[in-house]
Amino acid sequence: MAKRKRGGFSMSTSAQVTLLASNGTAKSTRATLSTIRNDRLATEKLRAQQVLDQSNAIHRALTESALQIGADPGAVLADYDAFRPFDANKQLVETPDQNDGYEDVDNGSVDCATRNAMVNCLTGHHTPRHPRDYRTRLQRNRHLWQSWGAEIPTLTQQFMQWKHGVPPASGASGSADTLNPETGDIAHVFDVAVVSTFTYTSRRAILQLSGESANAALLRVGLLGCSPVQPTVAIDLQCLELFHQIRRRQSSFSTQAMARVLCALHNVTYYQTFRAQLSIAFDVYLDILRHVESEVDNALGRSSPYWRLQHGCPPCANKLHNEISLNPARMHGMDGNSSVKRMTGSGHADEQIFLSPMFLSPEEVDVFKDDVKDKPGKETLTKKKQRKNGPLDEETHDEASCADRWTANKASAAADETVQTFEQTGIFISACQHGIVETVAEMRRSGELAKYALCTVNKLIDNLGDDQTVGHDIACAFTATLRDSSISAKVKEHRLTMSVNAFHGHAHNRRCQLANHPLYRTILGLEDLETCERVFSASNSVARVIRFSSHFHWAQFLDLHFRQWNEDRYSDLSEFTHSSIKALKILVDFIPHLTVYKQMHGITDEDIERWPQEELTYLQNSQVEPKKDAVPVAYVEALLSLNNISSEYESLLGVQFAPTREIMASVVAKRTGARKHLVMAMRAVEDLEALQKITPGNRWTENSKEFKEVEAYINQRKFIRAVCELEGLVVQ
């Protein structure tokens, strides 16, 4: 039997090997794979023995030192073993930088670097330039922002000095050439790469005074570093302010887009590290601006977290001397929006918490999570039981019917896949009639639940007082929710009322419109309460850049957008007032025409004011179609159905033969079914004729007068119902 040749290389196969000697000369030789393997094993064994000998020598030295000072050698050796870093016995190798967006050296790695240096000194190892970092991204971020947080107060003061041109201490301007030795300050000079809007400087010397952090020295010359301890890259403050203003005016402009723009202006290749560095510097810059704003608010006596809610809108907050009290004193709109979602798990390594007086905390919202078990407008279990036992009252019936017609209410409970996919499923806001956003609540893993609206109303009552009205797309149903909530007594005491929005109100039934629509609530004037829709039309642009961001950046950029929105609405207040004056002028111009019309038709102002109430009374008394109209309608519909079924049955009677047995069996089955339907239709017509006392010989025909009148009534009813349905679909 022949032997099969074994695949692969033989250990006796020789290979060309080039060795570099210690004197720098190269020596080539041939060796078998077995020889190379044996040499490698011998080298590893020798290296392990060297490491063991070094460790034993260190232990002997520590033991002798402990005996000399009278300490316990075992405790000293245990402390040394605990002190050694994880990879102390391993030869550190230089590895390329990981593209994690952060510099290698920060305050959190100082202890580890110090231990490595001491142990390497004892063992004789040389530390490479970039040691391997075994920390997780979460740990690096945590140490990074802890280091930045400790510097923010100092950076805030330094920023204000630079902003307002205050001369720096000790006469230093930040340049190494301006060092004054007469001051006695010990200074340090370090180099950074400077990124400006149109220029890039690869190396710039920065003077760092004694006791001064590196970023404080950078801020003195209008720069901000990308690392808190040892920055190697700094960004010009004017460049950061440019990005800040662009981001406020165009919320869809991302950090990556700005980084790419700068790379294009500087003619360099874009790397993800650039975006990370810009993001860090921009976050710190915004934090500095918030601290400056906080200090200004404290100086002006605006330190209360609710000051902007109470005084953010001058027309709503400020009252003139001897001004007549208005009812309502303030008008608001509130609504939810599901565009600004955030993916679950996005930015999990960022533990920063963003605090804003505009945002309602989840703890405040969850106070009302058990107030209403169902979503807004949905019938409670008690009402369902009442409906089974008997008919509901008119008011409850109106609320339930409006809620059933409203598509947004049907979708208020988010789908399971949405809840599982998104951590934040949207926001719920309130805004005054002038468009200034007052509160923002994040919707977490849910749809537009009642707790968000209840928390918003509670906040408005606590801070803004009596006689307020709030516009909501399902205000009729939410009024019942308020009655059943824990703040019902507070709502009644402060006389808060609800109204449906002017545009959304057309999706409600007519009785609800007459009671809650701004068109019929004369106290609301020309206000449509649709402020939130205008806010959402602008805030939707933020959604594309925060969908995959961390929660900190999600809240920070929403807050940045709404702050700019409020400033724009503040500047538009004069235009808003001018538009209202123009509306008053139109009203004055048309009063003579209205007077002539009233005189021509004998109408008084009291009649016009009485019409909505009369219509509401009529509709409340006509919830069910009158019997005198319903029976003739049913009779005509039965006659039309009988004619159609008779025609179908007669057409089937004419079929006597078929090409195949299967087709004939199908015709017979259809004929049998049509006959059954015909008998049922004839019985229905006879029953309705008996109810109206119509004899068989006097049956209505399509040419009879009664038939035409009822048919016209049916067509008109279909048209009205179609218009109502179309109106509701357009609104939704």
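Hi everyone, let's start at Gln-352, which sits in the loop between strand E8 (342–343) and strand E9 (359–360). Helices (H or I, at least four residues) and strands (E, at least two) are DSSP runs, numbered from the N terminus. Please keep in mind that this is a predicted model, where local features need pLDDT of at least 70, side-chain atom pairs count only at pLDDT 80 or more, and totals for chains, interfaces and linings use all residues. Residues are numbered from 1 along each chain as its sequence is written, and side-chain values use heavy atoms, leaving out hydrogens and water.

So, is Gln-352 buried or exposed? Gln-352 counts as buried because its relative accessibility is 19%, and buried means under 20% relative accessible area (1.4 Å probe, protein chains only). What does Gln-352 touch, not counting residues up to four places away in sequence? Those partners are Trp-145 and Phe-552, with contact meaning heavy atoms within 4.5 Å.

Next, helix H4 (residues 137–163): there is a kink of about 45° at Ile-152, shortly before the proline Pro-153. That bend is the angle between axes fitted to the seven residues ending there and the seven starting there. Just after H4, Gly-165 has a positive phi of about 70°.

Last, the sheet. Four strands form an open sheet in the order E4-E3-E6-E5, with mixed pairing. Strand E4 (200–208) and strand E5 (223–225) are the edge strands, each pairing on one side only; two strands pair if DSSP finds at least two bridges between them. E5 and strand E6 (residues 233–236) are antiparallel over three bridges, and Leu-224 stands opposite Ile-235 in E6.

Terms used. Buried means under 20% relative accessible area, exposed over 50%, partly exposed in between (1.4 Å probe, protein chains only).
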